[in-house]
Amino acid sequence: MKVTTGTALWYRAGKPVIPLRWVLLCDPDQKLEPRAILCTDLSLSLKEIVTYYVRRWSVEVTFGEVRKHLGVGTQRQWSDEQHLR
């Protein structure tokens with residue numbers, strides 16, 4: 001895996017500028033799509049950022065499956081009574 005990193009500034013109108021660290025992961029064999037990771041904790045090492053991303057990915061996949069199968073986070077699970085509150 002090829003890895004490169006740098007720092008940038010995240011600007012949103014009317015909000016304070018936030019420094020962030022970006023990490024770009026590229027597969028030299030081009031079997032996987034390049035992946036960009038952004039992190040606002042500049043004190044983390046490159047290895048820590050990638051490790052946290054990998055750990056978080058399984059959680060995101062789980063949430064996606066729950067939403068897909070159970071309708072959590074969509075209007076599908078709302079009853080009329082709950083929706084009116």
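How many helices and how many strands are there in the protein? In this predicted model, the count comes to two helices and three strands. Followed along the sequence, they come in the pattern β-β-β-α-α.

Between strand 1 and strand 2, the antiparallel pairing runs over nine bridges. To pick out a spot along this pairing, Thr-4 stands opposite Leu-24 in strand 2.

Next, the nonpolar residues. The largest nonpolar core has six residues in all: Val-23, Leu-25, Ile-37, Cys-39, Leu-44 and Ile-49. Strand 2 and strand 3 (35-39) are the elements that give two or more residues to this core. What does Ile-49 touch, once its neighbours within four places in sequence are set aside? Its contacts are then Arg-21, Val-23, Ile-37, Cys-39 and Leu-44.

Leu-20 deserves a look of its own. This residue lies in strand 2 (residues 18-26). Is Leu-20 buried or exposed? Its relative accessibility is 8%, and because the cut-off for buried is under 20%, Leu-20 counts as buried. Leaving out neighbours within four places in sequence, Leu-20 is in contact with Gly-6, Thr-7, Ala-8, Trp-10, Leu-38, Cys-39, Thr-40 and Leu-42. One of these, Leu-38, is 18 residues away along the chain, yet the C-alpha atoms of Leu-20 and Leu-38 are separated by 6.6 Å. Looking at the protein as a whole, buried residues make up 13% of its 85 residues.

Trp-10, another of the contacts of Leu-20, also has a charged group over its ring: the charged end of Arg-12 sits there, 4.8 Å from the ring centre. As for aromatic pairs, the structure holds zero of them.

Finally, how far along the sequence do contacts reach? Taking contacts between residues at least 6 apart in sequence, 19% join residues at least 24 apart.

Technical notes: Residues are numbered from 1 along each chain as its sequence is written. This is a predicted model: local features need pLDDT of at least 70, side-chain atom pairs count only at pLDDT 80 or more; totals for chains, interfaces and linings use all residues. Side-chain values use heavy atoms; hydrogens and water are left out. Helices (H or I, at least four residues) and strands (E, at least two) are DSSP runs, numbered from the N terminus. Buried means under 20% relative accessible area, exposed over 50%, partly exposed in between (1.4 Å probe, protein chains only). Contact means heavy atoms within 4.5 Å. A nonpolar core is a set of buried Ala, Val, Leu, Ile, Met, Phe, Trp, Tyr and Cys residues joined through side-chain atoms within 4.5 Å. Rings of Phe, Tyr and Trp (its six-membered ring) pair if their centres lie within 6.5 Å; planes under 30 degrees apart count as stacked, over 60 as edge-to-face and the rest as tilted. A charge sits over a ring if NZ of Lys or CZ of Arg is within 6 Å of the ring centre and within 35 degrees of the ring normal. Two strands pair if DSSP finds at least two bridges between them.
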